[in-house]
Every structure is written in structure tokens, then in C-alpha cells.
Number of protein chains: 2
Amino acid sequence: MNLVANVYRGDAVESTHLGHVAVVDANGNLLYSYGDPQRQTFARSSMKPLQAIPIIETGTADRYGLEPADLSLCCASHSGEPRHRSRAMEMLIRAGQPEETLQCGTHVPRDEESYKELIRAGKPLTPVYSNCSGKHSGMIATAVHMGEDVATYHLPEHPVQQRILEVVSDLTSYPKEEIVLGTDGCGVPVHRLPLANYAWAYAKMAKPEVIDNPLRREAVVRITDAMIAHPEMVGGNKRYCTDLMIAFEGRIFGKAGAESVYCLGDRQTGIGIAVKIEDGGPRAIYAVVNEVLRQLGIGTEGPLAKLAEYTNPVVTNMSGTVVGRIETRFALERQQASLRV
Amino acid sequence: MNLVANVYRGDAVESTHLGHVAVVDANGNLLYSYGDPQRQTFARSSMKPLQAIPIIETGTADRYGLEPADLSLCCASHSGEPRHRSRAMEMLIRAGQPEETLQCGTHVPRDEESYKELIRAGKPLTPVYSNCSGKHSGMIATAVHMGEDVATYHLPEHPVQQRILEVVSDLTSYPKEEIVLGTDGCGVPVHRLPLANYAWAYAKMAKPEVIDNPLRREAVVRITDAMIAHPEMVGGNKRYCTDLMIAFEGRIFGKAGAESVYCLGDRQTGIGIAVKIEDGGPRAIYAVVNEVLRQLGIGTEGPLAKLAEYTNPVVTNMSGTVVGRIETRFALERQQASLRV
């Protein structure tokens, strides 16, 4: 049983979470793992930094003068704060497209105040509030720049999505024809491949000198530099991705995905880490990521201490009283395997 | 691996859920199980029907003229709809207590329209909106009726909670001194004991003639009759507990609990069923309960068909398109064990 975390009420276990971890270097060596590092996994929004790469490679970013903060927003599952919405709208305006072009659908944003303002004003939710509106704005701008059909940018056969598939296959070193596609929560294709290959992709992004293609290498550096320079765009107030990148001061870039996935790259060691909680529930994932970092000795000299509220999550009742806690429970196993086929 | 459900994106498994099931008769025979029927479990709100019993046994219900709909609300995790809030307030008024006496804390109610009305009016959330406000109103009325301290009704040592502990121990046939206590989401004590013992308690409530004490037997019948007569009070619009009881037209009473617990009693066969999803996530529990009923042949002649949306949950994206599904994956095992010690 690949237990990763117990949820306690008082001192008694109430629920448990299983999970999988893969730690891979930029040359495709699986260094550490827990559970099944080959678990076939939809990385969901953890793939956003890869999905953003064609925005640069096609010249879209330069054509529309996208700033690092815009590129960071293209990698975001943002909270729908005003700063997120205004940048997404601005990208659409530069590409000459109305908000209705966004195919990401709508959901209640994490930023409660933004939602309450809408309700007070009697206005409906619109797609720019979606956590994916930055990614979609980047996709739309790319389609416009390339002279491609804009209305169907989200469909698997569209060149926008085909370019992304090529990037995902290349950086994960996983054959395109073996990547199973699903539909993501925001309507675009989502890719399913082994967890360890996501870790490998993030390792390559952390150590871009292993990327042979100079244009891709440059795009990877611009994207990860943008995330690190503007972590507030990747998540928002009190969001783990944002706080992780702030705490590590340029060393780490990381991105969460739905159904409890996390991927990060460490520029100092050049390794990539990918984590999946088996049940898809979100509450244990950040504690597990922090524990992986601790076991690897990454950030133990200071940065992890700044993330203590994520390392030791508490369970509170409706009055705010602490009535339980979440504790991680696993030990990484040393591996000596190459992912190269 | 006690898998109970797979979550698919397209036709590929994205996440999985483990779980435990116990099916017990009123004499304490474990008839069927899956996973670990002895799993130590906090039943959370699945205990509300038991927690309501002292309201009748103490004479509180008669003293304040509580109607069956009020008693049903005392067993509820309601959605905070106007009909729920008004009955909870009315119980407090009859007991001469203000809303502030409620110690259940506040949370955003499931009834979205009620929440939006509050925001539009610029009013804060208050405890009566809590899904537990019916249970707490009943506890407060009991303390007032018994001449006990009202401010501390939620604490473990208070007579209100001590009477409940005695009821839980009696109906689950589990020694009081072995019941571990935690604090529930609404601030009152919550009990931890083996899953099978919850099923036994629900079996006794489904077949109350096995209960020797005539006052307790009468209280059990009044409570379960009330839930069955007013299922809309136990949950609300589009809530499983409500829809289950409506579909079974008086045969079944059931109650969900946080961290993915479900307990129900079947008056026709006199059995009780208790289910716990290991990770505590809510999305698979109702499908699992329906599948347990199907495997037992309960409701296959019609009622289960009315609950199809719970049996076959779909995964939709933000645009409302179906992109996946949840499928149960388990087979109950026949047992021949007595829980009697």
C-alpha cells in the first residue's frame, strides 16, 4: 500500500491517501520513487508551462509584445483576481479577439471577493474568471498570429493543439502515438503518460542545456524565467505554486494540476519531481511535495520553513478550531533506472 | 487493494477510490462485507439520527411541540434552504434561545441562492445557515428543557453529549469506554468505532422490535418515521439522502456523513449498511451505496432506477460537456460472522 498521508481527527486516523512520486534527472535517470513512478497520469494543469512554449516558438509573444508577467499567466491556474483578469483580457485585445472567443467555460473563481463583487453587481460569471483564461488567451493569440481558425483552437486536431502535443512528446521523451488524449476541465486536450516522464520534462526545463533545439531551449528559459519572476501570476494570494516559487527565490518553478498532481523543476540540482495522489483529492498534495523536497535535502536550509502551513496542514471545524491534522507518511526509495528506451 | 470506484477521463482511469462496506442484520450478524468491515471510523453526520434520540427520550420534543419535520431537520445535513433555516430558528424560539446560542459555526450553505441573497444584502453568514443547525437546535432545546447549562451544550462532558454517547454505545452494541471521541466539524463530540457497528445500529433502527427498552424503541420509530415522512428536511433539493428516501417510498432511511461515510437502514429486510470511502472524498460514495443495494437486490425492481444520476456520475468540464465518468468496481463478499462479543 503506497500510503502517502494520514488525515487525523484528534489523534485517530480518519482518512488516508495513497500516492506516487518520481524524481528524475535531465538525462532521464529515475533517481528516487515511491508507489508507481510509471503510473499513467493525466498531468492536467501541470502541463501548462509546456503548453505555453509554442506561444514563444511561433513568435506570438514577440508579435503581441507579451511581457514576462503575461507568459507567467499563460502557465497559470489563477485565482481570478483583478490582476489576472486584466492581463488575460489585455492579451485578447492585442490579438483582436473578444472575451467570448475563450472556450474555457466558467467556474466560481478562488478569489472570493471577485465573486462577491459579481453577485453584488448582478453580473454573470464570464470565461475570463476561469483559472485557465491566461492559457486560453495565449492559445487564441497564437492561432490569430498564425492565421489559423480561431473558433476551433481548443480541438485536438487544431494546429495550436498539435504543436503542444509535439512539445509534450519531445520534452517528456514519450512517443506521440502512445500519448492518450482526454478532454481537460477547460475543454482543451489533456495528455496521459507515465508520471516519471513528466518529472523528466521538468528536469529538462530545469537544466535546459540538455535541450538540443536552440529555439526550444530559449522558449523553455523564457517560460520558466517568467514563472519565477512573476509567481503571483501562476496562482495568486495564498496559493502554493506562488508561495513555493517565492520561498525558493528563483531555484524552483512548479505547477499544480487538477486531480492532485504536482510537477516542479529544481534549477540547482537539475532534477524534476512529479507527484500524483491516487484519489485525486487536493488536500495532501502540497504536504507531500514539501516532504519529497525535505527528503531530498532541497530547501531544508530555509525555504521549506517558509512553507510550514503547507507542510503541516491542519483540519479545522466550522468555528475555526483545530480538530485534526494531515501528516505525510512515506519514504522515497533510491532507484538506478534509465527512462531512455 | 479494496478498490471501490474508478474515475475515468475519456476511457482512461484518472483516479481511484478505495473503500469499505459492512452489511449487518439487527441481531448483529455480519452478512456481507468489502474491504475492512471493522475499520475504525468516525461516522460524522451519519450519526445524526442517533444523536436526535434524546430529544424524544427526554420529553423535549413533546414539551416544545416539535413536529415530524422538525425531528427530521434534527437528523439533517441540510442545504440551508429557507425551509431549513426557518424551522431551525423556530425550534430555538420555542426554547427561548437566540441564534447566537448555536455553537455550530458558519459555512457557505449548499443552497447557492440563499448565499447569493446574503451577499446582495451585504449580510454575514450566521450559524443557522450551517448544515448542522437543526441538530444543534435540538441539542439546545434539550438542554433548556432539562434545566442544564445551555452555553456548554456542545462539550463532551455536558449531559446532552453524555446522553448521546450512551445512545450510540447502546445502539451500536459497542462499549462506551472503547469509543474514541473527536471533535466534529460543527464542534460537538464525534464517535469513532468499527464500521460494522454503525451498520448494526441502523439495522436495529430498521427493525426496532429488537430494541428491548420500549422508550428507546418508540424514539427510534419516531425519528426514522420523521426522516421518511420529511426527506426534504434531511438534505434538500438534489441531495442524495432526500432523493434516496423519496425513491424508496418509506422502505429506507439513510444519512450521509463527512469524509465519505454513508449509513442506511432497510425496513423490509431489517438490515443496516455502512460504507466508508478510504480517502474521505465525497464523489464516489453515493454510487457505491447504490451498487451495494443493487448487489443485495434492494430496489432493483424500481427505486434504484430513479437514482440513476447518482449510480452513474459523470465528470463534466467547465463548459458542461461530459468528459469522463465514475464507475464502481467491487463485489460484496458473503460473511457468516457475529458481531456479538
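Is Thr58(B) buried or exposed, and what is its relative accessibility? At 15% relative accessibility, Thr58(B) counts as buried, where buried means under 20% relative accessible area, exposed means over 50%, and partly exposed lies in between (1.4 Å probe, protein chains only).

This is a predicted model, in which local features need pLDDT of at least 70 and side-chain atom pairs count only at pLDDT 80 or more, while totals for chains, interfaces and linings use all residues. Residues are numbered from 1 along each chain as its sequence is written, chains are lettered from A and ligands numbered from 1 in the order in which they are written, and side-chain values use heavy atoms, with hydrogens and water left out.

Thr58(B) is found in the loop between α2 (53–57) and α3 (60–63) of chain B; helices (H or I, at least four residues) and strands (E, at least two) are DSSP runs, numbered from the N terminus. The side chain of Thr58(B) reaches the backbone oxygen of Pro54(B) at 2.6 Å. Leaving aside residues up to four places away in sequence, Thr58(B) touches Thr142(B), His145(B), Met146(B) and Arg163(B), contact meaning heavy atoms within 4.5 Å.

The next topic is aromatic rings. A pair of aromatic rings is described by the distance of the centres and the angle of the planes. Rings of Phe, Tyr and Trp (its six-membered ring) pair if their centres lie within 6.5 Å; planes under 30 degrees apart count as stacked, over 60 as edge-to-face and the rest as tilted. Over all chains, the structure holds 14 aromatic pairs. One of them is the stacked pair of Tyr240(B) and Tyr286(B), with 4.4 Å centre to centre and 20° between the planes. This pair links distant parts of the chain, 46 residues apart: Tyr240(B) belongs to helix α12 (residues 240–247) and Tyr286(B) to helix α13 (residues 285–296) of chain B. Tyr240(B) is buried, with a relative accessible area of 2%, whereas Tyr286(B) is partly exposed at 23%.

Tyr286(B) also pairs with Tyr262(B): the ring centres are 6.1 Å apart and the planes stand at 90°, so this pair is edge-to-face. Here Tyr262(B) sits in strand β8 (residues 261–266), 24 residues from Tyr286(B). Tyr262(B) is buried, at 1% relative accessible area.

In chain A, Tyr240(A), Tyr262(A), Tyr286(A) and Tyr310(A) form one aromatic cluster.

Note on methods
A polar contact is a pair of N or O atoms within 3.5 Å; within protein, one must be able to donate a hydrogen and the other to accept it, and residues adjacent in sequence count only if both atoms are side-chain atoms.
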